[in-house]
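Dear colleague,

I am passing on the structure we talked about, with the sequence alongside it. Please look it over first; my notes on what was found in it follow below.

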Amino acid sequence: MEEQRVEGKANSSYNLEPLPISNEDILFCIDIDPQSITCFDAIKQSILLFVNTKLTINPQHRFAFATLSNSVSSLMKEFSSKVESTIAAVRGFSATTSTTQPDLTTLFQLAAREARKSRMQGRILRVILFYCRSTERPQHQWPENQRLFTLDIMYLHDKPGPDNCP
């Protein structure tokens, strides 16, 4: 680090080496329970903005989509860096009725498989879960010491009240 004095003030200049940006495979999982209908527009807009921003930073990032009802199902299995594919997947979201407590085990199993594939290609896997149920905690049967992928959760919930304790 260099430090220079200019008119009685210390002026520091820092030189940071640029870090390489890793290629990411990003799996979005969107909660499609009827409780999440009020959040759909916000979720769709945030995904489109996020995807466009990530592709501006690194056009090699790829995206896939899954949905969560009682368990996880794939909406767009193959990872793609095409914005048109993202728009089509986002338009395909629709609410379904769920009858049991949501189970994230299938999501974690899917992510583990995809993480292994991503690693073989020199990529990292990030899972982004949009969860919108204020009254139900998801369950899972997955060891917490598994470190195969990064999990980010966006929790959108109703305001707290007597019948709602998010």
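**What was found**

The protein's secondary structure comes to three helices and seven strands, and along the sequence these follow the pattern β-β-β-α-β-β-α-α-β-β. Please keep in mind that this is a predicted model, with a pLDDT that averages 82 over the protein and reaches at least 70 for 86% of the residues. Among the elements, strand S1 (residues 2–6) has the lowest mean pLDDT, at 49, whereas strand S6 (residues 124–131) has the highest, at 94.

Of the 166 residues in the protein, 36% are buried. Where contacts with a separation of 6 or more are considered, 73% of them are between residues 24 or more positions apart.

Turning to the strands, S3 (residues 24–31) and S4 run parallel and are joined by seven bridges, with Asp25 standing opposite Arg62 in S4. Together with helix H1 (residues 40–57), which belongs to the unit along with S3 and S4, these strands make a right-handed β-α-β unit. Strand S4 (residues 62–68) is mostly covered, since six of its seven residues are buried.

The largest nonpolar core holds 20 residues, of which Leu27, Leu107, Leu125 and Phe149 touch the most other members. Two or more residues of this core come from each of S3, S4, strand S5 (72–80), helix H3 (105–120) and S6, and the largest share, six residues, is given by H3. Phe149, if its neighbours within four places in sequence are left aside, is in contact with Phe108, Ala111, Ala112, Ala115, Leu125 and Val127. There is also a second, separate core of 18 residues, and among its members are Cys39, Phe40, Ala89 and Phe93.

Cys132 is in no disulfide, and the nearest cysteine sulfur, that of Cys39, lies 4.2 Å away, whereas a disulfide would need the two sulfur atoms within 2.5 Å. Is Cys132 buried or exposed? Cys132 counts as buried because its relative accessibility is 3%, which is under the 20% cut-off. Cys29, at 0% relative accessibility, therefore counts as buried too.

With best wishes

Conventions: Residues are numbered from 1 along each chain as its sequence is written. This is a predicted model: local features need pLDDT of at least 70, side-chain atom pairs count only at pLDDT 80 or more; totals for chains, interfaces and linings use all residues. Side-chain values use heavy atoms; hydrogens and water are left out. Buried means under 20% relative accessible area, exposed over 50%, partly exposed in between (1.4 Å probe, protein chains only). Helices (H or I, at least four residues) and strands (E, at least two) are DSSP runs, numbered from the N terminus. Two strands pair if DSSP finds at least two bridges between them. A crossover is right-handed if, with the strands pointing away from the viewer, the path from the first strand over the helix to the second runs clockwise. pLDDT is the predictor's confidence in each residue, from 0 to 100. A nonpolar core is a set of buried Ala, Val, Leu, Ile, Met, Phe, Trp, Tyr and Cys residues joined through side-chain atoms within 4.5 Å. Contact means heavy atoms within 4.5 Å.
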